[in-house]
Amino acid sequence: MSDALDVCLRLVKAETTLVRRFDNRLGALFGVSLADFLTLLHLGRAEGGRMRRVDLAEALGMTASGVTRGLAPLERIGLVVREADARDARVAYAALTDTGRERLGELLKAAEQVAAESFAAPQWAPQEVDSLGALLTRLGGTGLPRDHSRAQETL
């Protein structure tokens, strides 16, 4: 097996492990998944706490129909609402509700704990975490800016 393939398979396994950690914690505490959290986080960072569904799909790396399926349970539990565009009936927005903003604040705290536990000392030095972040960015991974203020402002 090539070194590149081995590294790719290790990344896939690491991603699966991280998703499971986030899903377990967020599911146990709030009944939502990591995918739900990412959806809420993108909405929380968006201007006015809302995004066109097609833009949300692009931001999440999903199809429009995948976003629609993912938003349905968040709408049912009152975290997100569907809004129509007043000027174009073909355009639909997903928007955080007041409850969604509150929940996002709670989810951010829990997600920060999972992340801190995942990269805790002594297994991880801060510079190693920074280096890993830089390497993942080179590979195409994107994350949040260090300042989460945009999401915090809407909360």
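Is Glu106 buried, partly exposed or exposed? In this predicted model, Glu106 is partly exposed, with a relative accessible area of 37%; buried denotes under 20% relative accessible area, exposed over 50%, and partly exposed the range in between, with a 1.4 Å probe and protein chains only. Residues are numbered from 1 along each chain as its sequence is written, and side-chain values use heavy atoms, with hydrogens and water left out. Because the model is predicted, local features need pLDDT of at least 70 and side-chain atom pairs count only at pLDDT 80 or more, while totals for chains, interfaces and linings use all residues.

Glu106 forms a salt bridge with Arg103, the closest N and O atoms being 3.1 Å apart. A salt bridge is defined as a side-chain nitrogen of Lys or Arg within 4 Å of a carboxyl oxygen of Asp or Glu. The two residues, Glu106 and Arg103, are 3 residues apart in helix α5 (residues 98-118), and are therefore separated by about one helical turn. Helices (H or I, at least four residues) and strands (E, at least two) are DSSP runs numbered from the N terminus. An α-helix has 3.6 residues a turn, so residues three or four places apart point the same way. Arg103 is also partly exposed, with a relative accessible area of 24%.

In the whole structure, 8 salt bridges are found. Another of them joins Glu75 to Arg53, with the closest N and O atoms 2.4 Å apart. This pair links distant parts of the chain, since Glu75 belongs to helix α4 (residues 64-76) and Arg53 to helix α3 (residues 53-60), 22 residues apart. Arg53 is buried at a relative accessible area of 8%, whereas Glu75 is partly exposed at 28%. A salt bridge is also formed between Arg52 and Asp55, whose closest N and O atoms are 2.9 Å apart. Arg52 is partly exposed, with a relative accessible area of 32%, and Asp55 is likewise partly exposed at 30%.

The strands form an open sheet of 3 members in the order β1-β3-β2, with antiparallel pairing; two strands pair if DSSP finds at least two bridges between them. Because β1 (50-52) and β2 (80-84) stand at the edges with a single partner strand each, one side of each is left without a neighbour in the sheet. Neighbouring strands are turned by 25° against each other on average, direction ignored. Strand β3 (residues 92-96) runs antiparallel to β2 and is joined to β2 by 5 bridges. Within β3, Ala94 stands opposite Arg82.

Helix α2 lies across β1, β2 and β3 and runs at about 95° to β3. Axes are lines fitted to C-alpha atoms, for helices over the stretch in contact (heavy atoms within 4.5 Å), and angles run from 0 to 180 degrees between N-to-C directions. Helix α2 (residues 34-45) has 12 residues and reaches 16 Å from its first C-alpha to its last, close to the 16 Å expected, the expected span being 1.5 Å times one less than the number of residues. The buried residues of α2 include Leu34, Phe37, Leu41 and Gly44.

Ser118 is found in helix α5 and is buried, with a relative accessible area of 11%. Leaving aside neighbours within four places in sequence, Ser118 is in contact with Leu18, Arg21 and Trp124.
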